[in-house]
Amino acid sequence: KTFKLISKEFWWPGMRKDCTAYVESCHVCGRAKATHMKPAGLLQPLPVPPRLWHSVAMDFIVDLPPVQGKDSILVIVDHFSKMDHFIVCCKNVTSLALADLSFYHIIRLHGIPNNLVTDRGSVFISQFFSALLRNYGIAQNLSSAYHPQSDGQTKRLNQVLEQYLCVYSNF
C-alpha cells in the first residue's frame, strides 16, 4: 500500500526495496502488531447465520488502564454482518450487569439473537446468565481455548482493537 501511494507521485531506482525496508523498520507498527500463526488441523467454521444479529459472539478485553472506574471492554460481534459493539465496563462485572449491558446495547437495538458464542469465562457460565439465555431461547455455545473456528472473530477483533489502543495511547 505504501509503495502504491508513493508511486503515484514519485519514482526512483530501488523504490520498492526502499519502501519495504521503511515499512519493516516502523517501530510503532512492530510493537503493536499481533503475531498470526496457522491453526493446526482443519477448521470447521460455524454455519453462516440466516440474518443479521442471529448469531453473536461476546468477549472481554480486560486489564486496561482504568479510566473513570472502567478497566475493561465488552466486545460483541454479529457473525453475519461483522458489525460490532464496544462497551466499556469493569473487570469484575457481574452476570446481572452483563445481562443489563446485553439488553441495553444489543437486544434493545437489534432484537434477541438465536445463538451466542462465548468463552468459558465465569460470568458467561454463571447459573444466572445461563438461565437468562434459556428463558430468552438463546442457544449458548461455549468455545474452547485456541479454537478460532468458534470465537476467532472476536479474538481477532480484540487484537485489532488492542493494537489500535496501544498505538493511540503510546502516541
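What follows looks at a strand, its partners and the nonpolar cores.

Keep in mind that this is a predicted model, in which local features need pLDDT of at least 70, side-chain atom pairs count only at pLDDT 80 or more, and totals for chains, interfaces and linings use all residues. Residues are numbered from 1 along each chain as its sequence is written, and side-chain values use heavy atoms, with hydrogens and water left out.

Let's begin with strand E1 (55-61); strands (E, at least two residues) and helices (H or I, at least four) are DSSP runs, numbered from the N terminus. Seven of the seven residues of E1 are buried, that is, under 20% relative accessible area with a 1.4 Å probe, protein chains only. In a regular strand the side chains alternate between the two faces of the sheet. Here both faces are covered: Ser55, Ala57, Asp59 and Ile61 lie on one side, with Val56, Met58 and Phe60 on the other.

Val56 has a bridge partner in each: Leu116 in E4 and Asp78 in E2.

Now for the interior. A nonpolar core is a set of buried Ala, Val, Leu, Ile, Met, Phe, Trp, Tyr and Cys residues joined through side-chain atoms within 4.5 Å. The largest has 18 residues, and Met58, Phe60, Leu74, Ile76, Leu98 and Leu116 touch the most other members. A second, separate core of six residues includes Val75, Val77, Leu157 and Leu161.

Key. Buried means under 20% relative accessible area, exposed over 50%, partly exposed in between (1.4 Å probe, protein chains only). Two strands pair if DSSP finds at least two bridges between them.
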